[in-house]
Amino acid sequence: MNYLYASGLSKSYADQSLFADVGISINKGQKVALIAKNGTGKTSLLKILAGMEVPDEGKIELNSQIVVGFLEQQTKLNENATVKECIFYTDNPVLQLIREYENCSEQLQLKDDPKLREKQQKLMNEIDSKNAWDYESKVNEILTRLDLTRLEQKVSTLSGGQKKRIALATVLVQEPDFLILDEPTNHLDIEMIEWLENYLATKNTTLLIVTHDRYFLDKICDEIVEIDNGTSYKYKGGYSYFLEKKAEREHNKLAEIDNAKKLMRKELDWMRRQPKARGTKAKSRISSFYETEKTAKQNTDDDKVKLEVKGAYIGNKIAEFADVSKSYGDLKICEHFNYKFQRYDRIGVVGKNGTGKTTFLNMLTQAEKPTTGKITLGQTVNIGFFRQDDNFLKPDKKVIEVVRDVAEFIVLGDGRKMTALSLLLHFLFNKESHFKHVKNLSGGEKRRLQLLTVLMKNPNFLILDEPTNDLDLATLNVLEDFLASFGGCLVVVTHDRYFMDRLVDHLFVFEGDGVVKDFPGNYTQYRLDKAQRDKKEKEAAELLKPKKVRQDKVEKTKQKLSYNEQREFQTLEKDIEKLEEKKSEFEQKLIGGGNNEDIMNWSKELANLVQLIEEKSDRWLELSEFA
């Protein structure tokens, strides 16, 4: 079933053409990624496809029988609403039913009322009739995984990252037929990204996504649409396949342009030798000449940001944390942390949101003081801090003014001097954009401008706080190449696993409650090590389990189930029965056979069902001892 068909789409703003004659078709079950440089209209195209904006030209056919969920890059939430109101107050009838049931249950916990109990029973019967208990458990899983447990908080009190997670949760809980996601991994920690990755990979979701996360792209997407110089190209496969075929396409394009240049020289000579009276010329040959000229004069520049800045000299004494502790009341960031930075250190900082990664960076730059202990910086250290936000960029300033405020020129790695104008061109800001106001730049262009202002100061100690947010893949690849050969120290906070794996050689892992672990290796090595440690801990816990159960039984005879546990116990048996039915369905499908892709998907679904049945059965047995 076709969900979306669009052809001949074009969009311009003022004199800037974003894209022209773009086409895209998405069928049920497809997972498509959209890739393009910053400022070339990715977000505009998504809004057009979602029906939020109108193209200048072209047509769109969106299946009227499906529900579309759209996550915007910039969140728009009611600041006066609570988290719960944002997520549950939708037109979805099942969500409304669950919300009403939850409200009734909360009131019963405060006061036992016969009328409320009667209402609760009616709601339970209605949820039963709609088979909505499974839906409720899915909603709770999404909220828990995205760390949205304080549902009564006002939106106005939340950070930008929390608001992004609310917007994502609001889209996911509605379970739309077709998901359009614009940079969904921004502001998620790595564990959340890995959960979202698995969630989207195992569900039969139809997806159109813009993301810079290359591991995410490779695992999720089966097709990539690239917009390059205003034209769209399709690639059937993941990110690795896209890179291979893009390189092949660019190689063929260069060969085509080279041949056109040779032919144009020959045809140009023919054109010049003809008399001024054009009537005697072959019209088709003249027309062919202009087509050849058009091809030959295409820009063969790779249109990549060029990073060639010169890093300042760095001495032996760089930075040292001596018995450093930091806390805010009961919240511990680190305790008795010691580390002496060495030349060419390449450190990744990882941990869940709220564990203090940004606070650590602020202490390193001495913007914040430790609670106890001492942090010292060497005299030759010149820190360049690429911050998570771009609030320091004044919206009413022009791009050229932002750069000139830092310096009129800089010295490159080979000793050459480059003016502010030339530097902007190096960073893919064409002459027309030099006089744009900052407020009119795209999110990625602002990040690119911010990166330029940091590198212009010739730092020898780079601190990058979420540098991959909003940057396009082409800029990311060039940034990685630059950082790989950077001659100073590097400290990176990022949720981009590919970026971290390529650049860092050890990690500071913020585990919470003040614990900071120094791990020798990159992120993938850490995850493998953690998985092995978790497995050993689980095996050790299993060995102790029989004794623990026998001890607990004595205590459990004196206890009763809480109200919420009673409700959970009542629904578990129904959940298990429904899951068993689904399991039988997938087993029959596998027996009947199918194509390789179907068999792979069915096997994944079956494995997930078996695991879920085991978990719910264990929980049922645990609660049955008190019932």
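Visitor: How many of the residues of helix H11 are buried?

Guide: Seven of the eight residues of H11 (residues 357-364) are buried, so the helix is mostly covered; buried means under 20% relative accessible area, exposed over 50% and partly exposed in between, with a 1.4 Å probe and protein chains only. Helices here are DSSP runs of H or I with at least four residues, strands are E runs of at least two, and both are numbered from the N terminus. This is a predicted model, in which local features need pLDDT of at least 70 and side-chain atom pairs count only at pLDDT 80 or more, while totals for chains, interfaces and linings use all residues. Residues are numbered from 1 along each chain as its sequence is written, and side-chain values use heavy atoms, with hydrogens and water left out.

Visitor: Which residues of H11 are the buried ones?

Guide: They are Lys 357, Thr 359, Phe 360, Leu 361, Asn 362, Met 363 and Leu 364. H11 is followed by Gln 366, whose phi is positive, near 65°.

Visitor: Switching to the whole chain, how many helices and strands are there?

Guide: The chain has 19 helices and 20 strands, and of its 627 residues 46% count as buried. Among contacts between residues at least 6 apart in sequence, 68% join residues at least 24 apart, where contact means heavy atoms within 4.5 Å.

Visitor: OK, now helix packing. At what angle do H5 and H7 pack?

Guide: Helix H5 (residues 133-145) and H7 pack at an angle of about 150°, with their axes 10 Å apart; the axes are lines fitted to C-alpha atoms over the stretch in contact, and angles run from 0 to 180 degrees between N-to-C directions. H5 and H7 are therefore roughly antiparallel to each other, given that angles under 35 degrees count as roughly parallel, over 145 as roughly antiparallel, 65 to 115 as roughly perpendicular and the rest as oblique.

Visitor: Which residues make that contact between H5 and H7?

Guide: Glu 141, Ile 142 and Arg 145 of H5 meet Met 192, Trp 195 and Tyr 199 of H7. By class, this contact of H5 with H7 has four nonpolar, no polar and two charged residues, where Ala, Val, Leu, Ile, Met, Phe, Trp, Tyr, Cys and Pro count as nonpolar, Asp, Glu, Lys and Arg as charged, and the others, Gly among them, as polar.

Visitor: And H3 with H5, at what angle do they cross?

Guide: The axes of helix H3 (residues 93-110) and H5 come within 10 Å and cross at roughly 80°, which makes H3 roughly perpendicular to H5. The H5 side of the contact consists of Trp 133, Tyr 135, Glu 136 and Val 139, and the H3 side of Val 94, Leu 95, Ile 98, Tyr 101 and Glu 102.

Visitor: Is Tyr 135 buried or exposed?

Guide: Tyr 135, which lies in helix H5, is buried, with a relative accessible area of 11%. Leaving aside residues up to four places away in sequence, Tyr 135 touches Asn 92, Val 94, Leu 95, Ile 98, Val 173, Gln 174 and Glu 175. Tyr 135 and Glu 175 are 40 residues apart in sequence and 9.4 Å apart in space, C-alpha to C-alpha.

Visitor: Last one: where does Asp 213 lie?

Guide: Asp 213 lies in the loop between strand S7 (206-210) and helix H8 (214-220), and it counts as buried at 0% relative accessibility. Not counting residues up to four places away in sequence, Asp 213 touches Thr 185, Ile 193, His 495, Asp 496 and Arg 497.
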